[in-house]
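Please work from the sequence and the coordinates before reading the solutions.

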Amino acid sequence: MRISLFIGQSADLHPELAPGLVSAIDKHESHTPLWCRYSGLEGDEQSDQRHHGGPDRALHYYPADHYAWWKTWQTALGLPAPRAPWQPAAFGENLSGLGLIEAQACIGDVYRLGEALIQISQPRSPCFKLNQRFGYGQLSQVMQLSGRCGWLLRVLEEGRVTPADELLLVDSPYPGLTVKRTADILFNQPRNEEDLQLLLDNPALSPNWRQHAAHWLEHGVVADWSRRLLGPAEFRLPPQG
């Protein structure tokens, strides 16, 4: 499967509309070879190292298949045009292509991309910066509920990648645990001990996600995602629709 490569640097997201809100979500397509490191693509940056980046979140893949759905969603609600266009890289992804979505990709799937070897580690957890990026106050919530989140990957072997490289599946050790099912277990369904234990026991799932599963299992209380999804008060937008 052919993919596109995107990289970006930290900058003010919207200096006039949200002063002080820094993000590296504004990615641009690379037409030259890049070195894929354990920390991500050469020339790419994550502005918030606490919630982005690190060994288990080195790369972000977002299916290009979803952009038509987002355009339809916007039109159906009668919303104004988004601040960023519905096209690959809009969600800050490093990798994008057609033909692979969350209901097909599985936690632990290993892919060869050029010389690099990469592995799916977790679904993406949408955050409030997406609301500011597009200008819609509940976009992050819609993304989480719809399951159109994309996923994050770790780098198992560093190497050179080019825009002409194909994403080739090498191994799928946990074919029963798709990215969508993983996200639904934690975000979109009632507490299910068997499903939560499935996440906790999966060694390919990132430690952060296994920790969330363990907490819900132990304490019986779902995590409060409101701050991640909506952000601090000064950066919250009114709901749309």
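**Exercise 1.** Is Asp184 buried or exposed, and what is its relative accessible area?

Before the solution, some conventions are needed. The model is predicted, so that local features need pLDDT of at least 70 and side-chain atom pairs count only at pLDDT 80 or more, while totals for chains, interfaces and linings use all residues. Residues are numbered from 1 along each chain as its sequence is written, and side-chain values use heavy atoms, with hydrogens and water left out.

*Solution.* Buried means under 20% relative accessible area, exposed over 50%, and partly exposed in between (1.4 Å probe, protein chains only). With a relative accessible area of 18%, Asp184 is therefore buried. Asp184 belongs to a helix, α4, that is mostly covered, seven of its ten residues being buried; among them are also Val179, Ile185 and Phe187.

**Exercise 2.** Which side chain meets that of Asp184 in a salt bridge?

*Solution.* The criterion is a side-chain nitrogen of Lys or Arg within 4 Å of a carboxyl oxygen of Asp or Glu. The partner is Lys180, at 2.8 Å from N to O. Because Lys180 and Asp184 lie four residues apart in helix α4, about one helical turn separates them. Lys180, at 31% relative accessibility, counts as partly exposed.

**Exercise 3.** Find the salt bridge of Arg181 and state which helices the pair links.

*Solution.* The side chains of Arg181 and Asp195 meet at 3.2 Å, N to O. This pair links distant parts of the chain, with Arg181 in helix α4 and Asp195 in helix α5, 14 residues apart. Arg181 counts as partly exposed at 34% relative accessibility, whereas Asp195 is buried at 13%. Over the whole structure, a search finds seven salt bridges.

**Exercise 4.** Describe how α4 and α6 pack.

*Solution.* First, the geometry: helix α4 (residues 179-188) and helix α6 (residues 207-219) pack at an angle of about 40°, with their axes 11 Å apart. Angles under 35 degrees count as roughly parallel, over 145 as roughly antiparallel, 65 to 115 as roughly perpendicular and the rest as oblique, and α4 and α6 are therefore oblique to each other.

Next, the residues: taking contact as heavy atoms within 4.5 Å, Thr182, Ala183, Ile185, Leu186 and Phe187 in α4 meet Trp209, His212, Ala213 and Trp216 in α6. By class, this contact of α4 with α6 has seven nonpolar, two polar and no charged residues.

Note on methods: Axes are lines fitted to C-alpha atoms, for helices over the stretch in contact, and angles run from 0 to 180 degrees between N-to-C directions. Helices (H or I, at least four residues) and strands (E, at least two) are DSSP runs, numbered from the N terminus. Ala, Val, Leu, Ile, Met, Phe, Trp, Tyr, Cys and Pro count as nonpolar, Asp, Glu, Lys and Arg as charged, and the others, Gly among them, as polar.
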